[in-house]
Amino acid sequence: MSVTEMFSYIQGFLSAEQDIREDIRKVVQILEQTAREILTVLQSVHQPSGFKDIPSKCQKARELFCTVRTKTGELKTKFPAEQYYRYHEHWRFVLQRLTFLAAFVVYLETESLVTREEVAKILDIEVDREKGFHLDIEDYLAGVLIMASELSRLAVNSVTSGDYGRPLRISNFINELDSGFRLLNLKNDPLRKRYDGLKYDVKKIEEVVYDLSIRGLAKDQETEGDK
């Protein structure tokens, strides 16, 4: 093989690689747009009127996840399954965002933590890396941490809307979440930094609960819960 032939071969390889990445980007762009649409739907729960309409907002979000499942199915066909981490950076952030949105929907519906398996089912992807396109454990954890920040905002807005019991429940949930993350030895720098943000979320929610306690509203909610 001559030098010219060798470099022509290399150019063919590079062109094929660029085509794969471009195909992936096109699908990821649609996933990002859908994620923004889901977020727009869920953002309304922070409004006074939105608290009364949480079930319908969650239902609308779940309907939009149908588009997500269609596109994740399409994304799986754009690259060899064994090369997941070769292209991972293209969809890493949108998967983290979609995990956050799925976790937020599940929390609003059940006030519980979504499992990695549940998120994978909502997105129609795998949990085990051996099976191909999957939800990386660190992407799952990052999405859960984004949700924690959203819940700290929800705690504040709950008070504004006159829902004094929700911040107490959010506080208990976030404290349990914080305890869980403390068991992990996080060596991923971006994930560790995001976890550092959880400490501020805990503090922010504690301040909300403390303010409710000072005003006697937290006690009122506990009394109502005992009845």
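**Fold, cysteines and buried helical residues of the predicted model**

Cysteine 66 has a relative accessibility of 40% and therefore counts as partly exposed, a class lying between buried (under 20% relative accessible area) and exposed (over 50%), as computed with a 1.4 Å probe and protein chains only. The model is predicted, so that local features require a pLDDT of at least 70 and side-chain atom pairs count only at pLDDT 80 or more, whereas totals for chains, interfaces and linings use all residues. Residues are numbered from 1 along each chain as its sequence is written, and side-chain values use heavy atoms, with hydrogens and water left out.

A search of the whole structure for disulfides returned zero, a disulfide being a pair of cysteine sulfur atoms within 2.5 Å. Cysteine 58 takes part in no disulfide, and the nearest cysteine sulfur, that of cysteine 66, is 15 Å away. For cysteine 66, the closest cysteine sulfur is in cysteine 58, and the 15 Å between them is too far for a bond. Cysteine 58 counts as buried because its relative accessibility is 1%.

The chain contains eight helices and zero strands, where helices (H or I, at least four residues) and strands (E, at least two) are DSSP runs numbered from the N terminus. The order of elements from the N terminus is accordingly α-α-α-α-α-α-α-α. The C-alpha trace spans about 85 × 35 × 25 Å along its principal axes. Of the 227 residues in the chain, 44% are buried. Among contacts (heavy atoms within 4.5 Å) with a separation of 6 or more, 77% involve residues 24 or more positions apart.

The expected span of a helix is 1.5 Å times one less than its number of residues. The buried residues of α1 include Glu17, Arg21, Ile24, Val27, Val28, Leu31, Ala35 and Ile38. Their cover includes α2 (54-75) and α3 (88-110). An α-helix has 3.6 residues a turn, so residues three or four places apart point the same way.

Helix α3 has 23 residues and should span 33 Å, which agrees with the 31 Å between its end C-alpha atoms. Because 17 of these 23 residues are buried, α3 is largely enclosed by the rest of the structure. Glutamate 111 follows α3 and has a positive phi, near 55°.

Glutamate 111 is also among the residues touched by arginine 166, together with Phe51, Ile54, Leu154 and Ser158, when residues up to four places away in sequence are not counted. Arginine 166 lies in helix α6 and is buried, with a relative accessible area of 9%. Isoleucine 174 also has its place in α6 (residues 166-182) and, at 1% relative accessibility, counts as buried. Leaving aside neighbours within four places in sequence, isoleucine 174 contacts Ala148, Leu151, Leu198, Val202 and Ile205. The C-alpha atoms of isoleucine 174 and methionine 147 are separated by 9.9 Å, the two residues being 27 apart along the chain.
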